[in-house]
Amino acid sequence: MAWFGSSQVALPDHCFPVHPSIGPIGDLPIVNAIVSPDGFPKSAILAGNTLPGPIIAGRKGDNFLINVTNYLTDDTMLMGTTIHWHGISQHNHNQMDGSAYVTQCPIAPGNSFLYNFTAEHQVGTFWYHSHYGAQYCDGLRGPLIIYDPDDPYRLSYDVDDDSTIITLMDWYHVPSPRVHRQVFPASVLINGVGCYNNACENPHAIINVEPKKRYRFRLLNMACKPNYVFSIDGHTMTVIEVDGNYVKPYTVDSIQVHAAQRYSFILHADQHPDNYWVHAVPNQPVDATTRAILKYANAPSQLPKDNAQPAPQNPLNESLLRSLAPPVTRLLQAEPDVKLHLEMGKNMSDFNFLINGAQYTPPTIPILLQILSGAVSPWQVEPRSSVYTLPKDQIIEITFSAKDSPGRPDEHIRNLSSTAPFRGHQER
């Protein structure tokens, strides 16, 4: 079937997810498999034997019990594993955070680990992924959704379910130990579907909608590296949630979503019933399609007519986002208790990033074991040049400078509530 150079083609009913969601209680096997999401076969590491991994879903206040079993056998990639629950605060149970050698040791092949945590008050759009080396670049990543029975926007949309989750991922044709700083992705996967070098039977994910209905779409950038400019031809998007936090409605026609960021937006399917291009343009070059299709019910079975991507007229500006909830008053005090400045740099010989002139090097004794031993004080934890000890229950002002860091990374603060007067992304 010729997909390129012709608009008279039958569109498949390919809509993510094709596998049922699990949670808040369930099993998550970690396995090796040969997959070809962009037409190029490659050995991968999969959660639940799917790419991306199955949606894990729950409701506000649920206790998550996810039993992860390691069945990995391919030694071209890392064979231990962990699962990090990205954006979950893990208050009082940070041993469930999944950071290898920091909060837990990797799960060895043939072993299981039960992640047992409650997200407490948190609701919204999150994701999970391996936090062992760059292992999630081999495929181990998936959505984590916590639904809110008291959603303040519930009357503003008609549909919010598995079918309204949109995932963006970079995909590599080499195993993650070879994905170095200067390696570009081979392709872009939208809902697990891509096309490398225009050589695929079905190169576009299909997102189905019905005329006149309003949809709460949950957009997740689960990439290892790129950010994407996301847009849908002929439609605007009203952003209502960012990284698990409700925001005041903000209508845009494009969203630049950085690695690990998540946005919920409301889309009204009020256009002429047809097929419309969905764009996810990466900031790194790829020889692959970067589009999906928004397909209205009963639209003609053909590719969208307009192949030219219109320039965004009203892109999202992060500085204009406003929380729906009032800020924590104490975070707005005139002066912080502690000021910490972090200057980003880059080692141009090995392309690794630096913080305050220091490159992180894993210590001979993992940080977790140093702490558990009780033999060292917090300020003695190695590597000292990369460990910052902060007082408990204080207001910390962290400033970032990245002027000498070409290709600079996105910074995020894990498991802490914060205010952000600077441009960047944070995990909350």
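**Overview. Thirteen-pair ring inventory: the structure holds 13 aromatic pairs.** Rings of Phe, Tyr and Trp (its six-membered ring) pair if their centres lie within 6.5 Å, with planes under 30 degrees apart called stacked, over 60 edge-to-face and the rest tilted. This is a predicted model, where local features need pLDDT of at least 70 and side-chain atom pairs count only at pLDDT 80 or more, while totals for chains, interfaces and linings use all residues. Residues are numbered from 1 along each chain as its sequence is written, and side-chain values use heavy atoms, with hydrogens and water left out.

**View A. Phe64 and Phe117 make a stacked pair.** Their centres are 5.3 Å apart, with 10° between the planes. The pair joins distant parts of the chain, 53 residues apart: Phe64 sits in strand S4 (residues 63-70) and Phe117 in strand S6 (residues 112-118). Strands here are DSSP runs (E, at least two residues), numbered from the N terminus. Both Phe64 and Phe117 are buried, i.e. under 20% relative accessible area (1.4 Å probe, protein chains only).

**View C. Ring pairs link up into a cluster.** Its members are Phe64, Trp85, Phe113, Tyr115, Phe117 and Tyr128.

**View D. Charges sit over Trp faces.** That call needs NZ of Lys or CZ of Arg within 6 Å of the ring centre and within 35 degrees of the ring normal. Lys42 lies over the face of Trp171, 5.2 Å from the ring centre. Arg291 does likewise with Trp277, at 3.7 Å from the ring centre.

Conventions
Helix = DSSP H or I, 4+ residues; strand = E, 2+ residues; numbered from the N terminus. Buried < 20%, exposed > 50% of the residue type's maximum accessible area, 1.4 Å probe, protein only.
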